Amino acid sequence: MTITPVRITETPEWKALAEHQRSLAGRHLRELFDADPARGETMTVDAADLHLDYSKNRLTPETVQFLVAVAERAGLRERIDAMFAGEHINVTEDRAVLHVALRAPEGTRITVDGHDVVPDVHGILAKMRDFSRRVRSGDWLGHTGRRIRAVVNIGIGGSDLGPKMAYEALKDRTDRSIVFRFVSNVDGSDIWEATCDLDPAETLFVVSSKTFTTSETIANATTAREWLLAGLGDPAAVARHFVAVSTNAEKVQEFGIDLGSMFGFWDWVGGRYSYDSAIGLSLMIAIGPEAFGEMLGGFRAIDEHFRDTPFERNLPALMGLIGVWYYDLWGAETQAVLPYDHYLSWFPDYLQQLEMESNGKSVTLSGEPVELPTGPVVWGTPGTNGQHAYYQLLHQGTRLVPADFIGFLRPHHRVGAHHDMLMANFLAQTEALAFGKTAEEVEAEGVPPAQVPHRTFSGNHPTNTLLAPALTPRVLGELVAAYEHRVLTQGVIWGIDSFDQWGVELGKALAQRIVPELTAEAAPELHHDSSTNALIRRYRAARVG
């Protein structure tokens, strides 16, 4: 598929948006709320179980119309339709982008190059359900006849961050009789810590690598196999203690894994969009097939909302457009994601890859330099922890940091008044960031004059508020899908390919060259820069010393 991106800054729609931004530049959120007291009720959208209040942003209803006009001019509707139709919108890799097919209901028809992929998806899901039930029930036994008590997921990038984030998010729904761990870092301490207190006879490894050649994953899997064989002795044990999520049957079989224990997926699924595929096998074992199915239903609900809803009421599209508004017209460089839920501790980390690997690009689809800043730095931590760390900068610092606050109406556990306290903080922070505290208000409290400047809060800090009834499997799917489609929205405006990741390759290729230079018995001839050469020599001296 050939996609010619619109040079968006040259369009009348963008110029009108930029002129509109200049007219708002001096206005404060206090003024906007005074002018429109009902904006807290009208500047909201709902999608499935998600409620988005975007009223505490430096924008007006007119701003939304300007942003929607930009989205339409950029071809967002056409790109959405092309994605759902299975067209090759990942231009640089000539691939379809069909994470939406991973949660499509049976009977739906989504074709890639003339082939309906939905039956393939449901075939893998059925195989996952069968295996998960066998492990959870104790029907799947290890090599010595003992049931599985620990599952270790080995992957990296989306093969790790996705299932790990979702496992932690849904931990309250997991089978607590089984230990779950996640290994990604090639640092040997990661695999050591994951296995040091486990019993090989009761441990199952899920190795996730599309090609089964990813260096970090295969290094960790090989170490895990050595650990298993040191404990059990028999190479035949590998077949009962390892399963693979891969497309490379030859490499999987060479490793010792039974091909009946290989779960496939497809090149039209990017790693950071894949945990609702077989990459989520460890998650399905943890929460059970029924809860996994509920999660897929949540994904599907937002997919359909994104596909069918006009942009002015389209929750993911609005989130994406509001981000563009700040990054490209107000100069914001980061995006804070602040979930007020302990179980979402890995959600900001997950979004770092989703957003920064997708939209951290400097050339357009046609290979030209981008016109606008792309890919904000995404960061955040859960709940009130951040309030006692970096919120000082949000409230009184000099940087503009748009923030998404994510909260839930019902707690996982009713423990005293904890949830009321948590949500009071959640609501108070967005109010304080928006409206601040004037010098006059501080003075009226009798504060000494010398302290007044230090205790004044400028406010006018923008936030989105995302509310849902509770953090259930369905709601998690909705949240992830909303951010997935936010990524596409922004990528279309910027004219970039949000689905490749060539920037990951250069460092990996250089590392493969450096490994033998670190380990060779004789000192190799080095051809790097003077800094890298000196550091290699220093490492070699310490390694052999």
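**Reading the fold and its helix contacts**

A: With 545 residues, a compact globule would have a radius of gyration near 24 Å, and the protein chain agrees with that, having 25 Å. The radius is taken over C-alpha atoms, and the globule rule is 2.2 Å times the number of residues to the power 0.38. Along the principal axes, the C-alpha atoms fill a box of roughly 75 × 55 × 55 Å.

Q: What kind of model is it, and how are residues numbered?
A: This is a predicted model, in which local features need pLDDT of at least 70 and side-chain atom pairs count only at pLDDT 80 or more, while totals for chains, interfaces and linings use all residues. Residues are numbered from 1 along each chain as its sequence is written, and side-chain values use heavy atoms, with hydrogens and water left out.

Q: How many helices and strands are in the protein chain?
A: Helices (H or I, at least four residues) and strands (E, at least two) are DSSP runs, numbered from the N terminus. The protein chain has 21 helices and 13 strands.

Q: What share of the residues is buried?
A: Buried means under 20% relative accessible area, exposed over 50%, and partly exposed in between, with a 1.4 Å probe and protein chains only. Here buried residues make up 53% of the 545.

Q: How many of the contacts join residues 24 or more positions apart?
A: A contact means heavy atoms within 4.5 Å. Among contacts in the protein chain with a separation of 6 or more, 73% are between residues 24 or more positions apart.

Q: How is a pair of packed helices described?
A: Two packed helices are described by the angle between their axes and the distance between the axes. Axes are lines fitted to C-alpha atoms, for helices over the stretch in contact, and angles run from 0 to 180 degrees between N-to-C directions. As a case, helix α14 (residues 315-329) packs on helix α19 (residues 473-494) at an angle of about 50°, with the axes 8 Å apart. That makes α14 oblique to α19. Angles under 35 degrees count as roughly parallel, over 145 as roughly antiparallel, 65 to 115 as roughly perpendicular and the rest as oblique.

Q: What is the handedness of the crossing of α14 and α19, and which residues meet there?
A: A crossing is left-handed if the near helix is turned anticlockwise from the far one by less than a right angle, and right-handed if clockwise. The crossing of α14 and α19 is right-handed. Residues of α14 including L315, M319, V324 and Y327 meet residues of α19 including Y483, R486, I493 and W494. The residues of this contact divide into 11 nonpolar, five polar and two charged. Ala, Val, Leu, Ile, Met, Phe, Trp, Tyr, Cys and Pro count as nonpolar, Asp, Glu, Lys and Arg as charged, and the others, Gly among them, as polar.

Q: How do α15 and α19 cross?
A: The axes of helix α15 (residues 347-359) and α19 come within 10 Å and cross at roughly 25°. That makes α15 roughly parallel to α19. Residues of α15 including F347, Y350 and L354 make the contact with residues of α19 including L479, V487 and W494. Nine residues of the contact are nonpolar, four polar and three charged.

Q: What about α13 and α19?
A: Helix α13 (residues 289-308) has an axis that comes within 7 Å of that of α19, and the two cross at roughly 35°. Their crossing is right-handed. The contact of α13 with α19 has 12 nonpolar, five polar and five charged residues.

Q: Is A278 buried or exposed?
A: A278 is buried, because its relative accessible area is 1%. A278 is in the loop between β9 (262-263) and α12 (281-287). Not counting residues up to four places away in sequence, A278 touches I124, M128, V245, F263 and G264. A278 and V121 are 157 residues apart in sequence and 9.2 Å apart in space, C-alpha to C-alpha.

Q: Where is L518 found, and which residues does L518 touch?
A: L518 is found in helix α20 (residues 505-519). With a relative accessible area of 21%, L518 is partly exposed. Not counting residues up to four places away in sequence, L518 touches I536, Y539, R540 and R543.

Q: Where does D113 lie, and what is its phi?
A: D113 is in the loop between β3 (111-112) and β4 (115-116). D113 has a positive phi of about 55° although it is not a glycine. At 65% relative accessibility, D113 counts as exposed.
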